[in-house]
Amino acid sequence: MNAVMDNIYGRRSVRAYTDEPVSEDKIMEIIKAGVHAPNGANTQPLRFAVVTNADKKKQYSDVSKALFVENMKKAMEQAAPDKKRFFEVYIDRLSKPEFDIFYGAPILVLIYSSPESFTPVEDGSLAAENMMLAAYSMGIGSCWIGFASPLGYVPEVFKELNVPEDHRLIASLVFGYPKKKDMAPTQRSEPKITAWLR
Ligand SMILES: Cc1cc2nc3c(=O)[nH]c(=O)nc-3n(C[C@H](O)[C@H](O)[C@H](O)COP(=O)(O)O)c2cc1C
């Protein structure tokens, strides 16, 4: 295999980080890898906000958890009885004050798309994967934090990160040095091919 394939197969989501800081040069290199991802019509609509301040990350984690729990409670009310357990598990986990949705990672990067893009989700997601793979190639772990998605609806967060309110939060990624070295990649099933018309 070549280095790119090794990288794709070796990466995994990291949920425990050391306190070792990642240099700003490396953070910029990772973001640059995101900018080099394919994007619809090459509008280059993405904006990146970086948060390394520990108090701010804690505040963002707490705000996200509260909003997520609120939404899950509403969704649970509408859910079929056999689906309620799914919500209960998440509500329970996110209600714990000690649970940090960012897993103590030293860096949080929020990826926003400007309204110019016709394909904001695709553009932001491709950038996110480029960034996670670039990080992995540098020995830096990462995880996409969907639990932080409520931050995309908090005007104060847009304001303090200098993001115009018409932009959309697409991805929240954390980065840092993994606590455990040489973690095995998360298992995958074989590809499910529905058809191969020859
Ligand atoms: C859109 C999206 C949202 C995710 N949100 C979270 C999250 O909030 N917390 C978390 O621990 N992992 C999150 N993940 C990571 C997935 O759980 C992980 O990618 C999946 O279990 C496969 O594992 P791997 O990345 O190690 O291959 C998210 C991944 C994606 C793509």
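Is Asp 82 buried or exposed? Asp 82 counts as exposed, because its relative accessibility is 59% and the threshold for that class is over 50%. The model is predicted.

**Ligand site**

- Twelve positions are listed around the ligand: Arg 11, Arg 12, Ser 13, Arg 15, Tyr 103, Cys 143, Trp 144, Ile 145, Gly 146, Phe 147, Thr 186 and Arg 188.
- Sorted by class, this shell comprises five nonpolar, three polar and four charged residues.
- Tyr 103 places a side-chain N or O atom 2.5 Å from an oxygen atom of the ligand.
- Arg 11 also contributes through its side chain, with a polar atom 3.0 Å from a ligand oxygen.
- Phe 147 takes part through its backbone, where an N or O atom lies 3.0 Å from an oxygen atom of the ligand.

- Helix α3 covers residues 54-78 and includes both Lys 58 and Asp 62.
- Lys 58 and Asp 62 form a salt bridge in which the closest N and O atoms are 2.7 Å apart.
- Lys 58 counts as partly exposed because its relative accessibility is 48%, and Asp 62 is partly exposed at 31%.
- A network of salt bridges links Lys 58, Asp 62 and Lys 65.
- Glu 70 and Lys 74 are another pair in helix α3, again four residues apart, or about one turn of the helix.
- The side chains of Glu 70 and Lys 74 meet in a salt bridge with an N to O distance of 3.9 Å, which falls within the 4 Å limit for such a pair.
- Lys 74 is partly exposed, with a relative accessible area of 48%, and Glu 70 counts as partly exposed at 42%.

**The Asp 82 and Lys 83 pair**

- Asp 82, the residue of the opening question, meets Lys 83 in a salt bridge between their side chains, at 3.4 Å from N to O.
- Lys 83 counts as partly exposed, with 46% relative accessibility, whereas Asp 82 counts as exposed at 59%.

**Nonpolar surface patch**

- Met 1, Val 4, Met 5, Ile 8 and Tyr 9 form a nonpolar patch on the surface.
- Together the residues of this patch have about 530 Å² of accessible area.
- Val 4, one of the patch residues, lies in helix α1, which covers residues 3-10.
- Val 4 counts as exposed because its relative accessibility is 54%, and the cut-off for exposed is over 50%.

**Leu 126 in helix α5**

- Leu 126 belongs to helix α5, which covers residues 120-137.
- With a relative accessible area of 39%, Leu 126 is partly exposed, so its value sits between the 20% and 50% limits of the classes.
- Leu 126 and Tyr 90 are 36 residues apart in sequence, and their C-alpha atoms are 27 Å apart in space.

Notes
Residues are numbered from 1 along each chain as its sequence is written. This is a predicted model: local features need pLDDT of at least 70, side-chain atom pairs count only at pLDDT 80 or more; totals for chains, interfaces and linings use all residues. Side-chain values use heavy atoms; hydrogens and water are left out. A residue is near a molecule or strand if one of its heavy atoms lies within 4 Å of it. A polar contact is a pair of N or O atoms within 3.5 Å; within protein, one must be able to donate a hydrogen and the other to accept it, and residues adjacent in sequence count only if both atoms are side-chain atoms. Ala, Val, Leu, Ile, Met, Phe, Trp, Tyr, Cys and Pro count as nonpolar, Asp, Glu, Lys and Arg as charged, and the others, Gly among them, as polar. Patches are made of residues with over 30% relative accessible area and no salt bridge: like charges are joined within 9 Å, nonpolar side chains (Val, Leu, Ile, Met, Phe, Trp, Tyr) within 5 Å. Accessible areas come from the Shrake-Rupley method with a 1.4 Å probe; for residues, only the protein chains shown count as cover. Helices (H or I, at least four residues) and strands (E, at least two) are DSSP runs, numbered from the N terminus. Buried means under 20% relative accessible area, exposed over 50%, partly exposed in between (1.4 Å probe, protein chains only).
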